[in-house]
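Subject: Structure for you to look at, with notes

Dear colleague,

I am handing over the structure we spoke about, and I would be glad if you looked through it before reading my notes. The notes follow directly after it.

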Amino acid sequence: MPILNLTFDLATPAGLADLEAVLASRSYLVGFAPSKADLTAVEAIGAAPDKATYPNLARYFTHIKSFKAAQTKKWTAGVTGATSGAAAPAAAAGAGAAKAAAADSDDDSDMGDLFGDSDDDGAVEAAAPA
């Protein structure tokens with residue numbers, strides 16, 4: 001699995017511009033829900049960015065700041081936290097093995113039976129006049 005590493009120097013205008021460009025096409029840094037990565041970025045930015053210069057960054061900053069502390073404590077770490085350590089690959093391997101076992105447990109006799117009918121189709125065909 002490829003690792004995505006986003007690094008922005010949020011103390012410089014160039015770093016803010018880079019983050020502005022990333023946020024032009026996404027709501028959060030990682031995935032489709034806020035994570036600790038978003039909270040870390042907003043804390044590093046410090047104060048609300050200029051809306052005229054960085055419209056996407058200003059939107060993002062305001063949005064992340066709108067969450068209460070009780071909500072942000074529940075946020076996941078993002079990609080880094082989800083894939084670090086031996087537990088994540090082991091869990092993924094376990095999930096893959098479970099899917100394979102479920103697939104193997106299916107009865108293959110109904111592979112051509114699109115609607116899940118009983119096996120009386122052969123009897124009807126045999127009884128039909130030739």
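Which residues have the most contacts inside the largest nonpolar core? In this predicted model, that core has 15 residues, and the ones with the most contacts inside it are Leu19, Ile45, Leu57 and Tyr60. Helix H1 (13–23), helix H2 (36–45) and helix H3 (55–65) each supply at least two residues of the core, with the largest share, 4 residues, coming from H3. Leu57 shows how these parts meet: leaving out residues up to four places away in sequence, Leu57 touches Leu16, Leu19, Glu20, Leu23, Ile45 and Pro49.

As for H2, its buried residues are Asp38, Ala41, Val42 and Ile45. Viewed down the axis of H2, these buried residues fall within an arc of 95°, and therefore they line one face of the helix. The partners against which the buried residues of H2 pack are H1 and H3. After H2 comes Gly46, whose phi is positive, near 85°.

Is Thr72 buried or exposed? Thr72 has a relative accessible area of 11%, and because the cut-off for buried is under 20%, Thr72 counts as buried. The side chain of Thr72 reaches the backbone oxygen of Ala69 at 3.0 Å, and, when neighbours within four places in sequence are set aside, Thr72 is in contact with Lys36, Leu39 and Phe67.

Buried residues make up 19% of the 130 residues in the chain. Among contacts between residues at least 6 apart in sequence, 56% join residues at least 24 apart. The accessible surface of the chain comes to about 9200 Å², and 61% of that surface belongs to carbon and sulfur atoms.

With best regards

Notes
Residues numbered from 1 in each chain as written. Predicted model: local features only at pLDDT ≥ 70, side-chain atom pairs only at ≥ 80, totals over all residues. Heavy atoms only, no water. Core = buried A, V, L, I, M, F, W, Y, C linked by side-chain atoms within 4.5 Å. Buried < 20%, exposed > 50% of the residue type's maximum accessible area, 1.4 Å probe, protein only. Contact = heavy atoms within 4.5 Å. Arc of directions from axis to C-beta. Polar contact = N/O pair within 3.5 Å; in protein donor to acceptor, adjacent residues only side chain to side chain. Areas by Shrake-Rupley, 256 points an atom, 1.4 Å probe, with all protein chains shown as cover.
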